Structure formats: C-alpha cells, structure tokens
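Morning, everyone. Let me put the model up, and then we'll walk through its packing and its surface.

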Amino acid sequence: MSLIGRLVVIFIGFLAACFVGGMIVVVALLFPEFADLGAGPVDQGAIDILLGFGFIFVSGFALVPAAVIVAITEALYIRSALAYAVGGGLVGLACYLGLVPFHSDTLQFEGIVRRHLEIMTGAGIVAGMVYWLIAGRNAGNWRIPRPPRKPPPPLPSNSRPDAR
C-alpha cells in the first residue's frame, strides 16, 4: 500500500514541478514583450491560456527524462536537494535540446539560442526543487519497513472479569 501512496505523491510532485516550470518558461519568454508593450494591463484570460500551454509543453517534453531521474533517485535513496536541482537542470536541458535540430553529418546542434537554453535549464532547476519539496525529501522511504508496534500495556489485575 505504501508504494501506491508513493506513486501518488510522485505524480503530484511531477505535476506541481511542471506547472512551476511552465510558468517560468512563459514569463521568461514573454518578459521582453511585456516591457515593450507599454499598453497597460494584459488580458488575464490570455495569461491563463499561455500558462496552460506552458504546463502542457513542459509536462509533455519532461515526462520521460523526469521519469528516469525519479527512478534513479527512488532506487538509490537520493534525498539531496542539490541532486534534484542538478537533475531538473538536466531535464530542462534535455527538453530544450530535444527541440533544436541536430545535424547528423557534423554532429552538432544547429540554431541554439543561448537565452532559451538558459531559460529552460533554469526552469528545470526550479522545477527540480519544487519536486524535491513535495516528493524528493522522502525518496525511497516506501522501501523501509515500518518498525513493529509495541504491544499494549497489560491490563490491571482488578479489571479482568471473573472466570467462574
């Protein structure tokens, strides 16, 4: 039963990390446009739609690399915040490089935009920290058996019914 509960916590942690990572990507990519608008307030409905698409984008691309990091940390009982920050950065890097064309003749990525790479890696680091706050602090804890319960204290001698 503890494994099922752990899987639920992992899923909730992944969703929260993807939501935070999506928010960071959307805000960081749109920040120069916000500064140049000068038109006043931005439509809240448009921001909600962009945050939703950012969440879907990050969660779709990060699922497999994040699942690998989660499997490694759960199997090896890794609970360090630094490990989750580095793992999140690697997931963000993998998500970005998965979108950049790779030229197989020269074995190079073509068209890497440094700012976008930094945004995705930073979003991955923050998402890794959010995951650590929710699920990573107790990685592998479901495998440790619970200590046996203490037996109840004996009943007082005058509380037993008479056996006649």
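Start with Y84. Y84 counts as buried, because its relative accessibility is 4%. Buried means under 20% relative accessible area, exposed means over 50%, and partly exposed is in between, with a 1.4 Å probe and protein chains only.

A word on the source. This is a predicted model: local features need pLDDT of at least 70, side-chain atom pairs count only at pLDDT 80 or more, and totals for chains, interfaces and linings use all residues. Residues are numbered from 1 along each chain as its sequence is written, and side-chain values use heavy atoms, with hydrogens and water left out.

Which residue pairs with Y84? Y131 does, and the aromatic pair is tilted, at 5.7 Å centre to centre and 40° between the planes. Rings of Phe, Tyr and Trp (its six-membered ring) pair if their centres lie within 6.5 Å; planes under 30 degrees apart are stacked, over 60 edge-to-face, the rest tilted. The pair links distant parts of the chain: Y84 sits in helix 3, Y131 in helix 4, 47 residues apart. Helices here are DSSP runs of H or I, at least four residues, numbered from the N terminus. Y131 is buried too, at 7% relative accessible area. The whole structure holds 2 aromatic pairs.

Now the cores. A nonpolar core is a set of buried Ala, Val, Leu, Ile, Met, Phe, Trp, Tyr and Cys residues joined through side-chain atoms within 4.5 Å. The largest has 14 residues, and V25, C95 and M120 touch the most other members. Helix 1 (2–37), helix 2 (44–75), helix 3 (81–99) and helix 4 (114–134) each give two or more residues to this core. Helix 1 gives the most, with 4 residues. Beyond four places in sequence, V25 is in contact (heavy atoms within 4.5 Å) with V58, I119, M120 and A123.

A second, separate core has 9 residues, including I10, A17, Y131 and W132. So where is I10? I10 is in helix 1, and I10 is buried at 15% relative accessibility. I10 and Y131 are 121 residues apart in sequence, yet 8.1 Å apart in space, C-alpha to C-alpha. Leaving aside neighbours within four places, I10 is in contact with V70, E74, Y131 and A135.

Last, L133. L133 is found in helix 4 and is partly exposed, with a relative accessible area of 47%.
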